[in-house]
Amino acid sequence: MSAAPDVRAGGPGDVLTPAEVGATLGARATLLQVSTAFCAPCRATRRVLAEVARTVPGVVHVERDVADAPELAARLAVTSTPTVAVLDADGRVVRRADGVPTTAQVLAAVASALPAPG
């Protein structure tokens, strides 16, 4: 019998519930951004993620401030902002990154959250 895979809290494979995220999950994927109020890179990240959510059906962008959601920040082991977690439709973290992503990086991460065509 093999041991269960090591799933780091807030890392790929971890599952977050809508209650933990603080919003309804996207039908296909959720772009979860953890930010701080006076973070210029967070504003840039917000624009990128919001644009992807606007253009890809079933994808939502949820932004949470560390000050308003300290439990979520702790669960995701956030050490810097912005931190972005891409969740699949079930809330499973499929990608996670710190810093400002490019649109191409976000689209690739969203693609990895979608079920394989069957």
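Reader: In which helix is Leu107 found?
Author: This is a predicted model in which local features need pLDDT of at least 70 and side-chain atom pairs count only at pLDDT 80 or more, while totals for chains, interfaces and linings use all residues. Residues are numbered from 1 along each chain as its sequence is written, and side-chain values use heavy atoms, with hydrogens and water left out. Helices (H or I, at least four residues) and strands (E, at least two) are DSSP runs numbered from the N terminus, and on that reading Leu107 is found in helix H4.

Reader: Is Leu107 buried, partly exposed or exposed?
Author: Buried stands for under 20% relative accessible area, exposed for over 50%, and partly exposed for what lies in between (1.4 Å probe, protein chains only). Because the relative accessibility of Leu107 is 39%, this residue counts as partly exposed.

Reader: Which residues is Leu107 in contact with, leaving aside its neighbours within four places in sequence?
Author: Contact means heavy atoms within 4.5 Å. Leu107 and Leu49 are 58 residues apart in sequence, and their C-alpha atoms are 9.4 Å apart in space. Once the neighbours within four places in sequence are set aside, the contacts of Leu107 are Val52 and Val56.

Reader: What is the relative accessible area of Leu31?
Author: Leu31 has its place in strand E1, which covers residues 29–35. Leaving aside neighbours within four places in sequence, Leu31 is in contact with Leu49, Val52, Ala53, Val59, Val60, His61, Val62, Ala85, Val86, Val106 and Val110. Leu31 counts as buried because its relative accessible area is 0%.

Reader: How far apart are the C-alpha atoms of Leu31 and Ala19?
Author: Leu31 belongs to strand E1. Along the chain, Leu31 and Ala19 are twelve residues apart, and the separation between their C-alpha atoms is 15 Å.

Reader: Which pattern does the protein chain follow along the sequence?
Author: The protein chain has four helices and four strands. Read in order along the sequence, these elements give the pattern α-β-α-β-α-β-β-α.

Reader: What is the radius of gyration of the protein chain?
Author: The C-alpha trace of the protein chain spans about 50 × 30 × 25 Å along its principal axes. The radius of gyration is taken over C-alpha atoms, and the globule rule is 2.2 Å times the number of residues to the power 0.38. For 118 residues that rule gives 13 Å, and the protein chain is close to it, so it is as compact as a globular protein of that length, with a radius of gyration of 14 Å.

Reader: What percentage of the contacts in the protein chain with a separation of 6 or more comes from residues 24 or more positions apart?
Author: Of the 118 residues in the protein chain, 37% are buried. Among contacts with a separation of 6 or more, the share from residues 24 or more positions apart is 70%.

Reader: Which peptide bond is cis?
Author: Pro82 is placed in the loop between helix H3 (70–75) and E3. With omega near 0 degrees, the cis peptide bond runs from Thr81 to Pro82.

Reader: What is phi of Ala77?
Author: Ala77 is found in the loop between H3 and E3, and this residue is partly exposed because its relative accessible area is 36%. Ala77 is a residue other than glycine with a positive phi, whose value is near 55 degrees.
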